[in-house]
Amino acid sequence: MNKVACEKIDMEAIAQGLVCLEASAFHEFMHYFAPRVRSKFLRYGLNSSDAEDLAISVVTDIALKAHKYSPSTTSSFVA
């Protein structure tokens, strides 16, 4: 079982980049969250292809709503 290294990301900078429609922010957001969302769907029993498609759809929908992002004092992504 491969363990993913704990990555530190600057969610504020990514959120600002997403609001400004920066491709690099979108890529970083997708790179960080899509595998985690996909993994969750696999644990719920989806096949690999469906989990991948749904993860990309979910993460894309979230990224497109970044303009609704509001910072949280608990370091969570609240939209």
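**View A. The largest nonpolar core has nine residues.** They are I14, L18, A25, F29, M30, A34, V59, A63 and A66. α2 gives the most, four residues. A nonpolar core is a set of buried Ala, Val, Leu, Ile, Met, Phe, Trp, Tyr and Cys residues joined through side-chain atoms within 4.5 Å. Helices are DSSP runs (H or I, at least four residues), numbered from the N terminus.

The model is predicted: local features need pLDDT of at least 70, side-chain atom pairs count only at pLDDT 80 or more, and totals for chains, interfaces and linings use all residues. Residues are numbered from 1 along each chain as its sequence is written, and side-chain values use heavy atoms, with hydrogens and water left out.

**View B. Ring pairs join F29, Y32 and F33 into a cluster.** The whole structure holds two aromatic pairs. F29 and F33 have ring centres 4.8 Å apart and planes at 45 degrees, so this pair is tilted. Rings of Phe, Tyr and Trp (its six-membered ring) pair if their centres lie within 6.5 Å; planes under 30 degrees apart count as stacked, over 60 as edge-to-face and the rest as tilted. F33 is partly exposed at 22% relative accessible area. Y32 and F33 have centres 4.8 Å apart and planes at 80 degrees, so they are edge-to-face. Y32 is buried at 15%, as is F29 at 3%. Buried means under 20% relative accessible area, exposed over 50%, partly exposed in between (1.4 Å probe, protein chains only).

**View C. The charged end of R36 sits over the ring of Y32.** It lies 3.9 Å from the ring centre. The criterion is NZ of Lys or CZ of Arg within 6 Å of the ring centre and within 35 degrees of the ring normal.

Definitions and conventions. Helix = DSSP H or I, 4+ residues; strand = E, 2+ residues; numbered from the N terminus.
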